[in-house]
Amino acid sequence: MNMKVNLAGVELKNPVMTASGTFGSGAEYSEFVDLNKLGAVVTKGVAHVPWSGNDTPRIAEIHSGMMNAIGLQNPGIDVFCERDIPYLQQFDTKVIVNVCGHAPEEYLAVVERLAEEPIDMMEINISCPNVNANFLAFGQDPRHVEELTAQIKKIAKQPVIMKLTPNVTDIAEIARAAEAGGADGVSLINTLTGMKIDVKRRTFALANKTGGVSGPCVKPIAVRMVYQVAQAVKIPIIGMGGIQNAEDALEFIMAGATAVSVGTANFTNPYATVEIIEGLERYMKENGVEDIRELIGIVK
Ligand SMILES: Cc1cc2nc3c(=O)[nH]c(=O)nc-3n(C[C@H](O)[C@H](O)[C@H](O)COP(=O)(O)O)c2cc1C
């Protein structure tokens with residue numbers, strides 16, 4: 001039985017990885033999860049300098065999910081390279097570093113630094129507000145997506161995955177722009193912008209007013225978007241959004257994802273990733289699937 005998949009030239013032992021921002025840099029979870037079992041660890045977003053994030057409250061519960069407005073708090077690329085990359089190097093798993101920035105120069109500074117580091121891939125978070133475009137996210141304008149992708153590709157030494165925001169009218173158009181810019185793959189979805197009012201306090205539940213919705217409630221939207229993108233581009237897709245169990249992961253794979261990321265589920269069940277890998281194995285045995293790659297994009 002084969003669980004290995006090839007993601008933009010990088011071989012993963014299985015298609016299950018963590019979703020950025022929900023697993024720290026791996027160290028926090030390594031007490032519960034044997035990182036050697038994972039297809040890859042995707043780290044929390046890292047910027048060229050430390051970011052302190054938003055004011056609190058920064059998270060809120062909702063039915064079947066959560067909202068967050070962490071604001072991409074991170075220690076900056078210097079600390080990340082000194083502390084987090086060597087930590088992850090100890091494990092037999094692939095390391096995918098998620099990158100954030102407010103302007104192209106900020107992304108490029110991180111990518112240039114990472115080019116020399118022993119990491120396997122980069123995932124570029126283009127949901128960040130673009131200071132040069134009235135704080136609209138990079139990922140909401142296909143021209144910015146293509147341009148930023150092309151600039152990153154010029155200096156990156158590892159495969160580049162562009163992480164798409166679902167807060168757009170036509171996700172396929174954005175994915176095509178990333179492909180045209182030379183992306184080696186796309187990942188989707190990032191969180192959907194939402195709002196919650198705390199009626200007792202008569203104000204917003206989050207200090208930032210709005211926050212990103214994630215968890216099981218977003219899954220049908222995410223599966224639909226992965227399917228649409230799979231019809232639109234030839235580059236591989238990492239699917240995510242509300243994956244809690246192997247059946248959820250299979251939906252994304254059948255819709256066209258080569259690999260999947262598990263995010264919010266880690267907060268309620270730290271073993272979620274490993275249980276999903278075991279569940280995929282079980283499904284394959286029970287259904288006579290010899291190679292997981294047979295299932296990628298099987299629904300047309
Ligand atoms: C608390 C939290 C922090 C996140 N931080 C990041 C981040 O730093 N970079 C990023 O690209 N996505 C980030 N995300 C988005 C997730 O990686 C993922 O795309 C999204 O939550 C959907 O998957 P899920 O429903 O399985 O959580 C974050 C999500 C949550 C809930």
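**View 1. Helix α2 and its buried side.** Helix α2 (residues 104-114) has Pro104, Glu106, Tyr107, Leu108, Val110, Val111 and Leu114 as its buried residues; buried means under 20% relative accessible area, exposed over 50% and partly exposed in between, with a 1.4 Å probe and protein chains only. Those buried residues pack against α1 (77-89), β7 (94-99), β8 and α3, where contact means heavy atoms within 4.5 Å. Helices here are DSSP runs of H or I with at least four residues, strands are E runs of at least two, and both are numbered from the N terminus. Keep in mind that this is a predicted model, where local features need pLDDT of at least 70, side-chain atom pairs count only at pLDDT 80 or more, and totals for chains, interfaces and linings use all residues. Residues are numbered from 1 along each chain as its sequence is written, and side-chain values use heavy atoms, with hydrogens and water left out.

View 2. You'll find Cys128 in the loop between β8 (121-125) and α3 (142-155). With a relative accessible area of 2%, Cys128 is buried. Setting aside neighbours within four places in sequence, Cys128 touches Leu72, Cys100, Gly101, Tyr107, Leu136, Ala137 and Phe138.

**View 3. Arg113 meets Asp78.** These two form a salt bridge, with the closest N and O atoms 2.4 Å apart; the rule is a side-chain nitrogen of Lys or Arg within 4 Å of a carboxyl oxygen of Asp or Glu. Arg113 sits in helix α2 and Asp78 in helix α1, so the pair ties together parts 35 residues apart in sequence. Both ends are partly exposed: Arg113 at 32% relative accessibility, Asp78 at 44%.

**View 4. Lys13 and Asp92, loop to loop.** Here's another salt bridge, with the closest N and O atoms 3.2 Å apart. Lys13 is in the loop between β2 (10-12) and β3 (16-18) and Asp92 in the loop between α1 and β7, so parts 79 residues apart in sequence are tied together. Lys13 is partly exposed at 33%, whereas Asp92 is exposed at 53%.

**View 5. Glu116 and Lys157.** The closest N and O atoms of this salt bridge are 2.7 Å apart.
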